[in-house]
Amino acid sequence: YRAALAIENCRLFESLHAEITERLSAKQALAISEKRFRSICESVTVGIKVLDLDGKILQTNYAFQSMIGYSEEALVGNQFHKFLHPEDVRPAIKLFQDVKAKGTPSFRFEHRTVHKDQSIVWVKTIFTVITRGNEDQSPALVVGIVENITEQKRIEMEMAELNSRMQ
């Protein structure tokens with residue numbers, strides 16, 4: 001009886017050891033993956049902002065912070081449209097609401113943001129809905145990839161002005 005009990009305990013111990021080893025490996029892989037993701041987000045030159053479904057900013061990268069002049073602490077917890085030019089707020093909110101109401105998976109939006117120093121920064125933002133995953137395809141987050149197009153807009157306005165002078 002004792003020998004059988006000892007064998008059973010040994011098998012349970014081995015099983016438990018294998019499970020713990022597997023969980024530790026998964027935890028380490030997750031930590032490596034998260035570190036890699038953070039590294040990518042911080043090293044790209046385009047801005048990234050992560051929003052909840054109500055439009056509150058959850059996370060941003062350094063490129064986005066530099067683009068509009070605010071620290072992450074000043075951005076997180078605020079509505080994304082707080083940093084937009086007043087004329088662009090209504091269309092932005094409408095597009096964002098369509099994500100929830102119509103299930104729009106992504107949308108592009110060219111608009112102006114107001115830099116901390118009150119200058120205007122033209123940006124092109126591609127918003128993409130991130131679903132909960134697996135079988136649940138309901139929206140979980142919205143990620144915005146933001147490109148600064150201020151220089152492009154300046155050139156377009158100069159070209160338009162030159163064309164009107166020529167005519």
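In the hairpin of strand 1 and strand 2, five residues lie between the strands, and Gly55 takes a positive phi near 90°. The model is predicted, so local features need pLDDT of at least 70 and side-chain atom pairs count only at pLDDT 80 or more, while totals for chains, interfaces and linings use all residues. Residues are numbered from 1 along each chain as its sequence is written, and side-chain values use heavy atoms, with hydrogens and water left out. Helices (H or I, at least four residues) and strands (E, at least two) are DSSP runs, numbered from the N terminus.

Strand 1 (residues 47-51) and strand 2 (residues 57-60) run antiparallel and are joined by three bridges; two strands count as paired if DSSP finds at least two bridges between them. Leu51 has Ile57 of strand 2 as its bridge partner. A second hairpin is made by strand 3 and strand 4, with five residues between them, and Gln118 in its turn has a positive phi of about 75°. These two strands are also antiparallel, with nine bridges joining strand 3 to strand 4. Here Phe107 is bridged to Phe127 of strand 4.

His115 sits in the loop between strand 3 and strand 4. At 17% relative accessibility, His115 counts as buried; buried means under 20% relative accessible area, exposed over 50%, and partly exposed in between (1.4 Å probe, protein chains only). Which residues does His115 contact, leaving aside its neighbours within four places in sequence? They are Ser66, Met67, Ile68, Gly69, Tyr70 and Val121, where contact means heavy atoms within 4.5 Å. The C-alpha atoms of His115 and Pro105 are separated by 28 Å, with the two residues 10 apart along the chain.

Ile20 belongs to helix 1 (residues 2-43) and is partly exposed, with a relative accessible area of 44%.

Side chains of opposite charge can pair when their charged atoms come close. The count comes to 12 salt bridges, each being a side-chain nitrogen of Lys or Arg within 4 Å of a carboxyl oxygen of Asp or Glu. In one of them, the side chains of Arg112 and Asp88 meet at 3.0 Å, N to O. This pair links distant parts of the chain, with Arg112 in strand 3 and Asp88 in helix 4, 24 residues apart. Both Arg112 and Asp88 are buried, and a network of salt bridges links Glu87, Asp88 and Arg112.

Two further salt bridges lie within helices. Asp98 and Lys94 meet at 3.2 Å, N to O; because the two are four residues apart in helix 4, about one helical turn separates them. Asp98 is buried, with a relative accessible area of 15%, whereas Lys94 counts as partly exposed at 44% relative accessibility. Asp98 also touches Gly103 and Thr104, not counting residues up to four places away in sequence. In helix 5 (residues 150-166), Arg165 and Glu161 are likewise four residues apart, about one turn of the helix, and the closest N and O atoms of their salt bridge are 2.7 Å apart. Arg165 counts as exposed at 62% relative accessibility, while Glu161 is partly exposed, with a relative accessible area of 42%.
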